[in-house]
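Reader: I have the model open next to the sequence. Can you walk me through a few parts of it?
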Amino acid sequence: MNPSLGPVAEELLDIFESSFDEIFLSNADGIVVLVNSACERNYGMPSSHLIGKHVKDLEKMGIFYPSATLKVIEKKQPIELFQTTNSGRYLHVRTQPVFNEHGELKSVISYSRDLTELMHLRHKIEEMEDQLASYKKEWNEPLEVEGLISKSASMERVLSTVRKVAKVNTTVLLLGETGVGKSKIVRAIHQLSPRRDRVFNDINCAALPEQLIESELFGYEGGTFTGAFREGKKGLIELSNGGTLFLDEIGELSLQAQSKLLHVLQEKQIRPVGGQKPISLDIRIIAATNKNLAKMAEEGTFRRDLYYRLNVVPIHIPPLRERKEDIVPLVYHFLDHFNKLYDQEVRFSPKVLEAFIHHEWKGNIRELENMVERLVVTNDQIVTIEDLPPEMIETDLVRKGNTLPEILEDVEKRVVQQAYEQYESTYKVAEVLGISQSSAMRKVRKYIERVEGDEGRRERVKKGFIEG
């Protein structure tokens, strides 16, 4: 070698070794001639274990796959591909043939860049996109049964039960607060049942005067009452024969009417007021109430035997405040409905949706529906927090505009403080809140001790309330 080229060759070697990319040189036969230190990082072995070996043997050993060098030797042209290594890395390989002055292949040189982290990131992004698509599908396509929308686990259990009982003729008793959607549940049961093409009647027992309930339910023969129809009148039970009858607010029935209804459920027969001949029935009765029938039965204001006859399949519909996951899907459902109904294009700001989530909704779904309708007809385009009625923004958390993590932390703080004030023992706090004792200790330190300071902590340790 010319001495004048010594420093140049040394510089080239430094560049070769310090290259971020792997440089992999083999001869025309595929024997490895030279590699830089990046190869050791990619393949997890010293470069001396690579030099002198055939790339085909290295491929068979699983050191890398596929071999770009073999493809270049075969095709005599540059090639670019992705390669995996025995250490689980992903390489982007660009391989170039080198020819002599006679056009014969002299050597093959490969440049490989480690894309492992990028590939992992890509896979993670793809997983997140798939998960996001799944969430978006669930969000845009909430579980719906004839107007019933739900994303909460509690309501999914309710709807699962609805689908099961709809197929059979058993008596169902719906329990829940006013406005939770009991009437929609009943209609869903009827629509999913074999009676879907038959008659469906409903009556609110609380809306009729007591003296009319019996005649409305059981009917009467002609001449039974002064001023009544001469030919008599069929009651709703008889008119529902073959179909479904929904008795809403059944807790309002008089004891006399309860006795006659019990006979209908037991004997599958009805006798109109003043009538002598019983009428056979094929009818499904579904009842609903917002009262505690079990307690009423204990107190004697509701027949115990009728309660047990109705309580074959009780379905409790939780209030909206206990299933906040359903609020936003319901809001969008009603918003879309009223926008179409009133030819509007109203939208709610994120702060408005947050206020909806934190509102108590004592009137449940009915109150929510009325509120959405009110906002649609009284606003144009975007509804902001200022457009809400005072009762919707009275909560400090919403008015301050806290983020959801801040809100959750505030709620956790209040619960821990309340529990600790009552029991003054991390062991008892852990038991009551259903968390580990170590977790209870951390939360007490976080929410109580940092407020009380060292003096308060020493006092509690002295009393044995917390660990020293």
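Reader: At roughly what angle do the axes of H13 and H15 cross?
Author: The axes of H13 (residues 327–341) and H15 (residues 364–378) cross at roughly 45° and come within 9 Å. That makes H13 oblique to H15; under 35 degrees would count as roughly parallel, over 145 as roughly antiparallel, and 65 to 115 as roughly perpendicular. Axes are lines fitted to C-alpha atoms over the stretch in contact, with angles from 0 to 180 degrees between N-to-C directions.

Reader: Which residues in H13 meet H15?
Author: Ile327, Leu330, Val331, Phe334, Leu335, Phe338 and Asn339 in H13 meet Ile365, Leu368, Glu369, Val372, Glu373 and Val376 in H15. Contact means heavy atoms within 4.5 Å. The residues of this contact divide into 10 nonpolar, one polar and two charged.

Reader: How far do I trust it?
Author: This is a predicted model, where local features need pLDDT of at least 70, side-chain atom pairs count only at 80 or more, and totals for chains, interfaces and linings use all residues. Residues are numbered from 1 along each chain as its sequence is written, and side-chain values use heavy atoms, leaving out hydrogens and water. The chain averages a pLDDT of 82, and 85% of the residues score at least 70; pLDDT is the predictor's confidence in each residue, from 0 to 100.

Reader: Where is confidence lowest, and where highest?
Author: Lowest is helix H16 (residues 396–400), at a mean of 49, and highest is strand S9 (residues 172–175), at 95. Over residues 138–143 pLDDT stays under 50, and the model has 14 contacts beyond four places in sequence for them.

Reader: What does S9 pair with?
Author: S9 pairs in the parallel sense with S14 (residues 284–289) over four bridges, and likewise with S15 (residues 313–316) over four bridges. Pairing requires at least two DSSP bridges between two strands. Val172 stands opposite Ile286 in S14, and its bridge partner in S15 is Val313.

Reader: And the open sheet, what order are its strands in?
Author: Six strands run S2-S1-S6-S5-S4-S3, with antiparallel pairing. The edge strands are S2 (32–35) and S3 (64–65), each pairing on one side only.

Note on methods:
Helices (H or I, at least four residues) and strands (E, at least two) are DSSP runs, numbered from the N terminus. Ala, Val, Leu, Ile, Met, Phe, Trp, Tyr, Cys and Pro count as nonpolar, Asp, Glu, Lys and Arg as charged, and the others, Gly among them, as polar.
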